Amino acid sequence: MTRDADFNKGENGLIPAIVQDSKTRIVLMMGYMNKEALDKTQSTGLVTFFSRSKQRLWTKGESSGHVLKLVDLKIDCDKDTILIKAKPQGPTCHTGSDTCWDESNDRNLGFLSELEGIISQRQQNASSESSYVASLFEKGINKIAQKVGEEAVETVIEAKDSNDELFLNESADLVFHLMVLLRAKGFGLDDVVEVLENRHK
């Protein structure tokens with residue numbers, strides 16, 4: 001935390017605290033904190049708010065067990081809002097939803113996440129006669145792994161030349177076939193990202 005919160009700016013000494021999943025960056029919920037709630041959050045490592053309905057400190061998940069484990073927190077430039085990065089231990093919302101906006105708390109890798117969904121759909125529902133992806137799955141893991149190897153070699157070859165367009169196209173082919181291979185092995189890009197994150201610690 002680079003600055004101190006100014007609780008005098010909030011009504012009754014309360015300022016908003018926005019909770020974001022430290023991995024997916026999805027906003028999970030918003031609550032209110034006073035100084036005591038912030039101090040308890042930092043001392044226990046569990047996100048704690050001041051409940052306006054209960055009129056007391058309230059540790060998220062104290063009844064359900066779905067606590068929010070503190071990873072990091074920052075105070076905004078006006079010193080009147082807290083951004084909390086946390087690891088949720090189960091659904092965040094009391095309704096059972098991942099977030100209080102009824103959103104799924106899945107890591108969003110942009111178009112790659114969309115492409116993963118398409119690959120999964122092709123694997124489950126498409127015909128090998130009409131879908132290249134389905135035909136790869138039908139041929140089995142050895143054929144898919146072979147394609148990844150071929151695309152890797154072609155990417156290396158293009159990397160040594162000066163045609164950037166060909167290099168990027170081969171790189172795209174490599175990533176695509178690797179995603180198919182991951183799916184065939186029961187994994188996804190999220191699993192790879194998690195390994196990279198663990199190495200970074």
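1. The largest pocket. In this predicted model, the largest pocket holds about 280 Å³ of space. A pocket is found on a 1 Å grid over the protein atoms alone, as an open set of points where a 1.4 Å probe fits, with protein on both sides within 12 Å along at least five of seven lines. Grid points are joined across faces, edges and corners, and the volume is the space filled by probe spheres set on the points. Of the 14 residues that line this pocket, those closest to its centre are Trp58, Lys60, Thr92, Cys93 and His94; a lining residue has an atom within 4 Å of a point. The lining divides into five nonpolar, seven polar and two charged residues. Here Ala, Val, Leu, Ile, Met, Phe, Trp, Tyr, Cys and Pro count as nonpolar, Asp, Glu, Lys and Arg as charged, and the others, Gly among them, as polar.

2. Basis of the values. Residues are numbered from 1 along each chain as its sequence is written, and side-chain values use heavy atoms, with hydrogens and water left out. As the model is predicted, local features need pLDDT of at least 70 and side-chain atom pairs count only at pLDDT 80 or more, whereas totals for chains, interfaces and linings use all residues.

3. Helix 5, extent and ends. Helix 5 covers residues 164–184, which makes 21 residues. Helices (H or I, at least four residues) and strands (E, at least two) are DSSP runs, numbered from the N terminus. From its first C-alpha to its last, helix 5 reaches 30 Å, close to the 30 Å expected at 1.5 Å a residue; the expected span is 1.5 Å times one less than the number of residues. Just after the helix, Gly186 takes a positive phi of about 85°.

4. Which residues of helix 5 are buried? They are Glu170, Ser171, Phe176, His177, Met179, Val180, Leu181 and Leu182. Buried means under 20% relative accessible area, exposed over 50%, and partly exposed in between (1.4 Å probe, protein chains only). These buried residues pack against helix 2 (111–125), helix 3 (132–139), helix 4 (141–159) and helix 6 (189–200). Val175, also in helix 5, is partly exposed because its relative accessible area is 37%.

5. Helix 3. The buried residues here are Val133, Ala134, Ser135, Leu136 and Phe137. What covers them includes helix 2, helix 4 and helix 5. Ser131 caps the N-terminal end of helix 3, with a side-chain oxygen 3.3 Å from the backbone nitrogen of Val133. Just after helix 3, Gly140 has a positive phi of about 100°.

6. Ser97 and Asp102. Ser97 lies in the loop between strand 6 (82–88) and helix 2, and Asp102 is found in the loop between strand 6 and helix 2 as well. Is Ser97 buried or exposed? Ser97 is buried, because its relative accessible area is 10%, whereas Asp102, at 65%, is exposed. Their side chains are joined by a polar contact of 3.2 Å, that is, a pair of N or O atoms within 3.5 Å; within protein, one must be able to donate a hydrogen and the other to accept it, and residues adjacent in sequence count only if both atoms are side-chain atoms. Not counting residues up to four places away in sequence, Ser97 touches Pro91, Thr92, Asp102 and Glu103, where contact means heavy atoms within 4.5 Å.

7. Most residues other than glycine have a negative phi. Asp102 has a positive phi of about 60° although it is not a glycine. Lys79, likewise not a glycine, has a positive phi of about 65°. Lys79 is found in the loop between strand 5 (68–75) and strand 6, and counts as partly exposed at 39% relative accessibility.

8. Gln20 is in strand 1 (residues 15–21) and is buried, with a relative accessible area of 13%. Beyond four places in sequence, Gln20 touches residues including Arg25, Ile26, Leu83 and Ile84. Leu46 is found in the loop between helix 1 (35–44) and strand 3 (48–51); at 27% relative accessible area, Leu46 is partly exposed. Leu46 and Ala152 are 106 residues apart in sequence, and their C-alpha atoms are 45 Å apart in space.
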